[in-house]
Amino acid sequence: MERPTRLGQTAKAVAVVVVVLAVAYPLVGVIGTSFASQTDIIKSSGLVLWPDHPTLDAYRTIFTGGVVTRALIVSVGITVFGTLASLLVTVGMAYGLSRRDVTGSRFILMTALFTMLFNAGIIPNFLLVKGLGLYDTYAALVMPTLVSAFNLVVLRSFFMNLPEELYDAAKVDGAGDFRILVRIVLPLSKAVLAVISLFYAVTYWNAFFNSLLYLNDSDKWPLPMVLRTYVLQGQSLNAASAGEVLAPQQAVQMAVLVIAVVPILCVYPFLQRYFTKGVLTGAVKG
């Protein structure tokens with residue numbers, strides 16, 4: 001029995017190493033290319049893992065021109081404001097729906113769940129946003145995705161799992177629903193709130209499609225739209241922003257990718273420990 005066990009452990013280790021290499025190789029290539037000079041890029045035929053002549057010219061080009069800087073500020077603003085607004089609304093709805101004595105809670109919950117199965121579609125959503133006067137405004141990037149039905153269900157289930165005695169004891173002491181939510185429920189919900197915050201933050205940070213649909217002014221573009229224009233479509237960021245070529249175009253494109261990915265990579269390790277606890281605990285009971 002010992003030999004198959006060792007073989008299984010070896011196979012798992014090999015599989016993990018292969019997966020890590022498959023994930024790390026393109027990431028290292030993107031970072032290395034962003035610091036590469038024209039000579040390094042030509043020498044390696046495009047993808048540079050370790051530049052022989054590292055330079056910050058690509059990042060200087062990006063932040064000198066202002067296009068990426070402005071888009072980065074827009075993305076940060078939308079992510080922070082959108083995440084806070086979504087958390088506020090989702091927490092309020094989830095708490096109300098978790099209380100059995102709230103009239104109409106079942107109907108509201110079924111309505112929210114219905115949106116997980118059926119979507120109105122692009123054209124009705126666009127007409128609704130335009131009819132509400134939100135077209136070409138930052139609100140169009142927040143309002144259509146303000147509440148996620150999945151996050152609502154997870155948070156509601158977590159609230160329902162809390163001991164009913166806590167609510168009863170607080171009510172005996174004269175606490176109202178708002179005080180119970182703020183002073184008792186939320187402090188006990190840090191894990192699930194951290195996970196849902198990350199879900200919302202990633203959604204807003206990667207808000208590409210809504211930006212493509214609802215933003216007409218390029219000065220309002222968030223970072224994903226800049227990625228699409230200057231990386232996927234291959235337009236020259238040098239000519240568009242700085243007016244002169246300060247770095248190889250491929251290095252500039254990879255630098256934009258690094259700027260778009262790094263913030264989420266920096267936030268994720270601090271919230272990763274809450275993932276299993278937050279999602280599974282909120283999904284035990286419906």
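A: Happy to! A nonpolar core here is a set of buried Ala, Val, Leu, Ile, Met, Phe, Trp, Tyr and Cys residues joined through side-chain atoms within 4.5 Å. Please keep in mind that this is a predicted model.

With that in hand, the largest nonpolar core has 33 residues. Y95, L155, F159, Y167, I180 and V185 are the ones with the most contacts inside this core. Several helices build it: at least two residues each come from α4 (67-98), α5 (105-117), α7 (139-142), α8 (149-161), α9 (164-172), α10 (177-185) and α11 (190-205). Helix α4 gives the largest share, eight residues.

Let's zoom in on I180. Setting aside residues up to four places away in sequence, I180 touches Y95, Y167, A170, K171, A175 and V185. Of these partners, Y95, Y167 and V185 are also listed among the residues with the most contacts inside the core. Apart from this core lies another one, of 25 residues, which includes V67, V68, A71 and M254.

Now look along helix α4, where you will find T90. T90 counts as buried because its relative accessibility is 0%. Beyond its neighbours within four places in sequence, T90 is in contact with L146, V147, N151, L152, L155 and Y200.

The UniProt record, an unreviewed entry, places the feature "transmembrane region" at several stretches, including residues 71-95 and 107-126. In the model, residues 71-95 are 100% helix and 0% strand, with end C-alpha atoms 35 Å apart. Residues 107-126 are 80% helix and 0% strand, and their end C-alpha atoms lie 26 Å apart.

Of its 286 residues, 38% count as buried. Among contacts between residues at least 6 apart in sequence, 71% join residues at least 24 apart.

Y25, V28, L47, L49 and W50 make a nonpolar surface patch of about 550 Å². W50 sits in the loop between α2 (38-43) and α3 (57-65). With a relative accessible area of 72%, W50 is exposed, whereas T90 is buried.

Methods:
Residues are numbered from 1 along each chain as its sequence is written. This is a predicted model: local features need pLDDT of at least 70, side-chain atom pairs count only at pLDDT 80 or more; totals for chains, interfaces and linings use all residues. Side-chain values use heavy atoms; hydrogens and water are left out. Patches are made of residues with over 30% relative accessible area and no salt bridge: like charges are joined within 9 Å, nonpolar side chains (Val, Leu, Ile, Met, Phe, Trp, Tyr) within 5 Å. Accessible areas come from the Shrake-Rupley method with a 1.4 Å probe; for residues, only the protein chains shown count as cover. A salt bridge is a side-chain nitrogen of Lys or Arg within 4 Å of a carboxyl oxygen of Asp or Glu. Helices (H or I, at least four residues) and strands (E, at least two) are DSSP runs, numbered from the N terminus. Buried means under 20% relative accessible area, exposed over 50%, partly exposed in between (1.4 Å probe, protein chains only). Contact means heavy atoms within 4.5 Å. UniProt positions are given in the numbering used here, feature names are shortened, and annotations may be inferred rather than shown by experiment.
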